[in-house]
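Reader: Before I rely on any label attached to this model, I would like to see how each one is reached. Could we take the terms in turn and set each value beside its cut-off?

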Amino acid sequence: MIHPNKKLNFGSGNAKLSTAIATFSLPAGHSCPFAKECFSKSNRLTGQIIDGKHCKFRCFAASQEGLFTSVRKARWANFEMMKNAGTVEKMTRTIQAALPYNYAYVRVHVSGDFFSEKYFLAWLNVALNNPLITFYGYTKATPFIAKYKKILPRNFRFTASKGGTCDNLIGKHKLISAEVVFSVKEAEQKGLEIDHDDSHAITSEKSFALLLHGTQPAGSPAGQAWEKIKKTIGGYGEGSKRYHMATKKEPVIYITVRNGEVVYPRRKTNTPGKFSIA
Ligand code: SF4
């Protein structure tokens, strides 16, 4: 759903994301200078999809733009406004002016990417100005992440998306990454969990996988894999479930009382401890 705003267009949720997550998008491919294996774009006027020459799997976001004129228009309107803003200062103010005030999570780019360094820095400013919001997203703009690693705001979680032109920086800078797999088995063989709902992107401390989804070029390996995924697990599988902010699993009892004392577990950030309980 798109919230009309006199400035930028933000959305909330989608088929796989909770409506508790605000989303922001730019035109797929057109705003992705570091895209390679995923590179596809939809013609701004006609919606026709054009796959890049290194395209191994078609960008889902580009397919959406091909199907829905309103989606394409909203993303292009955002892109034009950002490019016209031009400076880090103006871009920061433009984003901040349209940022939905009542969301705890903002996914920066369901579609599109950091198309320039200034635009990237503008989002860092926005995150620094809004410490109560968790910003997160996938990006192939690893040169920006690497360059500004030391000043990335704690409330902006970046996942390096594999398949770009600068993947070498992922290993070099030990970035948490996500890669598209063509089957559940492939993920298992690589020892990666599959993120179906952005929960890994928001919280994971280790790299993970994304299962291929969306219309793929007919006859290509990705097209064949997608047909198989649809037949075996009905599409994006668990992706049909949206991200639930409250867990639906049996809760883990992290904190308990033993022998009259409150016991909580060892965590990275603190030492194990005990409190007396009244
Ligand atoms: S970087 Fe993302 S939005 Fe851009 S073409 Fe690749 S998958 Fe699509």
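Reader: Where does His 109 lie, and what makes His 109 count as buried?

Author: In this predicted model, His 109 belongs to the loop that runs between β6 (105–108) and α4 (117–129). Its relative accessibility is 2%, and since buried means under 20%, His 109 counts as buried.

Reader: What is noted about phi of His 109?

Author: Phi of His 109 is near 85°, which is a positive value in a residue other than glycine. Most residues other than glycine have a negative phi. Asp 198 also has a positive phi, near 75°, and is likewise not a glycine; Asp 198 lies in the loop between α7 (184–189) and α8 (199–203).

Reader: Is Asp 198 buried or exposed, and how do you know that?

Author: The relative accessibility of Asp 198 is 0%, and because the limit for buried is under 20%, Asp 198 counts as buried.

Reader: Why is the pair of Trp 76 and Phe 79 called tilted?

Author: The structure holds 17 aromatic pairs. For Trp 76 and Phe 79, the ring centres are 5.6 Å apart and the planes stand at 55°.

Reader: What makes Trp 76 and Phe 79 count as buried?

Author: With buried meaning under 20%, Trp 76 qualifies at 9% relative accessibility, and Phe 79 qualifies with a relative accessible area of 5%. Phe 114 and Tyr 119 form a tilted aromatic pair as well, 5.9 Å centre to centre with 45° between the planes; Phe 114 is buried at 1%, and Tyr 119 is buried at 0%.

Reader: How do you know that Lys 83 lies over the face of Phe 79?

Author: Lys 83 is placed at 4.2 Å from the ring centre of Phe 79.

Notes. Residues numbered from 1 in each chain as written. Predicted model: local features only at pLDDT ≥ 70, side-chain atom pairs only at ≥ 80, totals over all residues. Heavy atoms only, no water. Phe/Tyr/Trp six-rings, centres within 6.5 Å; stacked < 30°, edge-to-face > 60°. Buried < 20%, exposed > 50% of the residue type's maximum accessible area, 1.4 Å probe, protein only. Lys NZ or Arg CZ within 6 Å of the ring centre and 35° of its normal. Helix = DSSP H or I, 4+ residues; strand = E, 2+ residues; numbered from the N terminus.
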